[in-house]
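Here are a few notes to read alongside the model. I hope they are handy as you click through it.

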Amino acid sequence: MGDRRRIALINAVPAAIEPARAALERSMPDVDVWSILDDRLLQDADQSGGLTEQLRARMLRLIDHAMLEGADGVLLTCSMYGPVATDAPTQGNLPVIGADEAAFEAVAELAGRRIAVVASQQAPLEDTMLRLREYLAEVGSAVELVPIVPDGAFVASRRADASALVTAIQSALPTSPHLDAVFLAQYSLAPAAPALASTGLTVVTGPDRAAARLRGAMLGNGLGA
């Protein structure tokens with residue numbers, strides 16, 4: 001693998017993989033992306049009523065597996081499991097990044113703005129809104145959040161149909177009062193970002209912000225880029 005650095009993605013849904021991979025390759029062109037998929041993570045969380053201690057331990061085992069098998073960094077692409085990143089013991093201070101940490105910081109920097117928070121279903125929207133509001137209160141950022149679940153966004157994201165996804169999101173965005181920004185709260189929605197940004201809106205996505213955070217962490221650890 002030479003000087004190429006391996007980033008492990010730990011995913012709960014297949015639709016999150018390509019947006020995360022693309023963001024990492026834009027940020028670190030020579031990155032080696034390794035995708036790990038546990039497609040029961042969300043179903044089991046739903047059945048258990050959220051992120052239980054058992055599910056938290058399961059994610060920690062997946063992180064440990066990635067590290068033991070040579071990952072230089074880990075990105076958790078599922079927002080619900082993102083908080084586990086802060087608990088993860090790492091080898092040699094290698095970075096473990098949650099899905100939303102960097103994106104939440106970007107939203108907080110938009111203090112005083114009106115921001116649409118977009119998710120494909122109600123459950124992930126509620127989870128994101130809860131954690132984002134807690135974070136904004138913690139850092140003292142006053143942001144007006146507008147929660148939105150666009151009709152058709154879930155199906156479009158699962159089909160990786162970027163055109164249909166953009167149409168669904170644009171149709172759901174309120175035109176009055178004026179929006180300043182859009183936060184796409186799931187990795188599977190990130191393919192809509194370029195088209196939304198072309199309308200003049202500031203668009204915040206988890207994959208791009210997390211990729212930049214990982215690159216900075218790896219440079220700080222002397223791992224190159």
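Predicted model: local features only at pLDDT ≥ 70, side-chain atom pairs only at ≥ 80, totals over all residues.

**Notes on rings and helix contacts**

1. Residues are numbered from 1 along each chain as its sequence is written, and side-chain values use heavy atoms, with hydrogens and water left out.

2. How many aromatic pairs does the structure hold? There are two, counting rings of Phe, Tyr and Trp (its six-membered ring) with centres within 6.5 Å; planes under 30 degrees apart are stacked, over 60 edge-to-face and the rest tilted. Phe-104 and Tyr-135 make a tilted pair, 6.1 Å centre to centre with 40° between the planes. Because Phe-104 sits in helix H4 and Tyr-135 in helix H5, this pair ties together parts 31 residues apart in sequence. Helices (H or I, at least four residues) and strands (E, at least two) are DSSP runs, numbered from the N terminus.

3. Tyr-135 is partly exposed, at 21% relative accessible area. The other pair, Phe-104 with Phe-183, is edge-to-face, since the ring centres are 6.1 Å apart and the planes stand at 80°. With Phe-183 in strand S7 and Phe-104 in helix H4, that pair ties together parts 79 residues apart in sequence.

4. The axes of H4 (residues 101–108) and H5 (residues 122–139) come within 10 Å and cross at roughly 60°; axes are lines fitted to C-alpha atoms, for helices over the stretch in contact, and angles run from 0 to 180 degrees between N-to-C directions. Residues in the contact (heavy atoms within 4.5 Å) include Phe-104 and Val-107 of H4 and Leu-132 and Tyr-135 of H5.

5. Helices H1 (residues 17–27) and H9 (residues 206–220) pack at about 45°, with axes 8 Å apart. Among the residues making this contact are Pro-19 and Ala-23 of H1 and Ala-211 and Arg-215 of H9.

6. Finally, Ser-188 lies in the loop between strand S7 (181–184) and helix H8 (193–197). Ser-188 counts as buried, at 6% relative accessibility. Beyond its neighbours within four places in sequence, Ser-188 contacts Ala-15, Ala-16, Pro-19, Ser-157, Arg-158 and Leu-165.

Key. Buried < 20%, exposed > 50% of the residue type's maximum accessible area, 1.4 Å probe, protein only.
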